[in-house]
Amino acid sequence: MSPPAAESYLSDGRTLWSWLTTHDHKRIGVMFLGLTLFFFLVGGLFALALRIELLTPGRTIMGHLAYNRMFTLHGVTMVWLFMIPAIPSAFGNFLVPLMIGARDVAFPRLNLASVYLYVLGASVTLWGMFEGGADTGWTFYTPYSTTTGTAVLPVLVGVFIIGFSTILTGLNFIATVHTLRAPGLTWMKVPLFVWAIYGTAIIQVLATPVLGMVLLLVALERVVGAGIFDPARGGDPILFQHLFWFYSHPAVYIMVLPSMGVISEAVSAFSRKNAFSYRMIVYSTLGIAFVGFFTWGHHMFASGQSTFGSGAFGAMSMLVAIFTAIKIFSWLGTLYRGSIAIESPLIYTLGFMFFLFFGGMIGVAYATTSLNLHWHDTYSVVAHFHFIMVGATVMAFLAALHYWFPKMFGRCFPAKLANGAAVLIIFGFIATFVPQFLLGNLGMPRRYADYPPHFQSLHVASTAGASLLAFGFVAIAFYLAWSLRHGAVAGDNPWGSEGFEWRSASPPPTHNFHVTPEYPTGPHEYAREEVPHAA
Amino acid sequence: MPPEAVTGHWGSEDARKQAAYLGMWVFIATEVLLFAGLFTAYGVYRSVYPEAFRAAQLTMEVGLGTLNTFLLVSSSILVALAVHAVRGARPGLGGALLLAAALLGVVFLAVKGVEYAHHVKEGGLPGDAYRFTEVPRVGASLFFTLYYLLTGFHALHVTVGVSVLTVLGVRSAAGAFGPEYATPVELGGMYWHLVDVIWLFVYPILYLS
Ligand code: HEM
Ligand SMILES: [Cu+2]
């Protein structure tokens, strides 16, 4: 007699070894969730240190070199160890196979390898931190990064390795979505989150190799004086910027596209309505993935590139805003006349839409060359990308964490507490970053440890907001950790969602489904009859 | 559940093959893009320092480069024949062809080594180490840096490819593959063709033109 099948993927083997050798996409997703949350904490502590230093003009708690190292490590950790892997590697891994009726991803062993590459890359980066860390900023601009005496090398190598983890994950998703959809699940029935992950995966595999090579070149420059980016040896630092932004601009969409997928799911689930204009959301996802490759020059308006180049890059950038606007209108259309359930994932969703809209509009302003020259490399840019990357993407991450927590662990969390924390966090973000727009507009440059006294009140406001945020995160960590053990048992579908992932048990069994699910209807189908729009 | 054990979570061997192919194509795309950074740098600096690049290029050993091109193209043909043999139920022959292709890869690396030795002797080294007297340093040292990066990176791929072909060759000779299961040989073959194709870009821009 064979032993009885384990109830869920969580109880199928309880030893550490069974986790470290697992091929189960759900366990791999949970491991990524734990790892990325850890680095979110690390990056967050760096951020708080920065904000405390900026509380007063002059030296508050650290010197200038320490400050430079701190913001570099903050950026590196947040971008490569948290933002880029968080939603695709954690939630994507967990959900994509469930949403398309597959038993696992296409290459489970490769998937496990990507966890180990991530851990290896993260360890090398951490080692660099203990060696004192780099002081170049997360952009590693040459020639400074090739000449500074700080520990740039381990950080470069660490990020290079993490890049391979990203590529493997992306490759796996592309093959999975193409070849493992359950019978009957045609492309136009695939849930919007899966589409978003698919679009992201394309960017991941196309852009990351270029970054890998650039980082390697900088590393070689330091080790053997290769000369490629060094003007003193006949090289060109601007070439570095071109190659770097060829990756890093699409990379911002690696961060924001998966978030948009989360939001599409949440909006449908919590307004109990079909996604409004599903196709437009799909096409705009692909549009963003495509156009994202032709906008990198908008980071280089001040680098002496040709006026024609700047104009063209600016215009291409604005196209992205159009695709984004399509999505925002679709979400609003879905919410409109829905029967809205105010739950924490929806509160985060509303926060997301606000931050994305506001931050994106300011991006359009930056893409205008004349305005850009006023704001370039000021705190205003810091506020812009934090609005979108932190304001919007972290909102989506928290929405995903709360929406799928019952799916992943089979437990609910205290709803009132969660709603309170969500509101606190949204206000914390606004309080942190709105003052930074004002600072930048007044002329405070980014990446400075010191400033003239008349900027102080805005800096104090920003630090106060950051403290609110920190408080909100601590609260979330506590009630979610508590709920893991003591939360009410969730049942299979506590939100009453029509999302495909809820068709398996919560938490799902090891192979996801006992019988292969069927897909007679499209995704996100709530009411049979569409509620008429416009009266 | 025996069928389960064979195909895992796949419906059929066919579906698995499809995924493996797709995965390989995506991987090849990432490899091409990895080299794209270097090709871009080459294009940029060649337009900045046309004279120095031409002068440095004239000192390359075209004979050895051409020999290497010949070696790689021949081995690529052998691999194509190997795939054909395995599909045609002659894994023994396939194995022999794969091992022969791997051998040509090793010869390629040896020739590359001879070239490198010549450069080292003359001082044609990358960046800071450049002390080649025939061509003045400005620009030419960048040419040599890119030369080492492109050929070195490519040689790394050849090394990986040689190991892959060797393993596949031994396993094929032992009868592990056949018409119903040729995917690993096909994928290994695709990888080797990629290595070949990249060289077909590296060779003209470094040695000819
Ligand atoms: C949708 C998600 C977006 C994300 C995640 C994002 C992210 C970022 C980041 C990280 C930076 C700063 C890079 C640095 O460290 O120097 C940045 C700057 C910039 N962004 Fe965005 N952005 C987004 C949307 C947009 C849009 C829609 C536009 C234009 C239409 C835009 C235009 C710009 C410009 C022009 C800059 C450069 C500002 C400067 O340094 O002068 N962004 N963005
Ligand atoms: Cu950009």
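Predicted model: local features only at pLDDT ≥ 70, side-chain atom pairs only at ≥ 80, totals over all residues.
Q: How many residues apart are A:His249 and A:His298, and where does each sit?
A: A:His249 belongs to helix H8 (residues 237-271) of chain A. A:His298 sits in the loop between helix H9 (278-291) and helix H10 (307-335). So the pair links distant parts of the chain, 49 residues apart.

Q: Is A:His249 buried or exposed?
A: The cut-off for buried is under 20% relative accessible area. A:His249 comes in at 4%, so it counts as buried. A:His298, with 16%, is likewise buried. For A:His249, then, the word is buried.

Q: Which polar side-chain atom lies 2.6 Å from an oxygen atom of ligand 1, by residue?
A: A:Trp138 has a polar side-chain atom 3.1 Å from an oxygen atom of ligand 1. A:His384 puts one 2.9 Å from a nitrogen atom of the ligand. The 2.6 Å contact with an oxygen atom belongs to A:His376.

Q: Which element gives the most to the shell around ligand 1?
A: The shell's residues divide into twelve nonpolar, seven polar and one charged. H8, helix H11 (344-366) and helix H13 (379-409) of chain A each give two or more residues. With five residues, the top contributor is H13(A).

Q: How many Å apart are the copper ion (ligand 2) and the iron atom of ligand 1?
A: From the copper ion to the iron atom of ligand 1, the distance is 4.6 Å.

Notes: Residues numbered from 1 in each chain as written. Chains lettered and ligands numbered in written order. Heavy atoms only, no water. Donors = N, O, S within 2.8 Å, 3.2 Å for Na, K, Ca; no water. Helix = DSSP H or I, 4+ residues; strand = E, 2+ residues; numbered from the N terminus. Buried < 20%, exposed > 50% of the residue type's maximum accessible area, 1.4 Å probe, protein only. Polar contact = N/O pair within 3.5 Å; in protein donor to acceptor, adjacent residues only side chain to side chain. Nonpolar A, V, L, I, M, F, W, Y, C, P; charged D, E, K, R; others polar.
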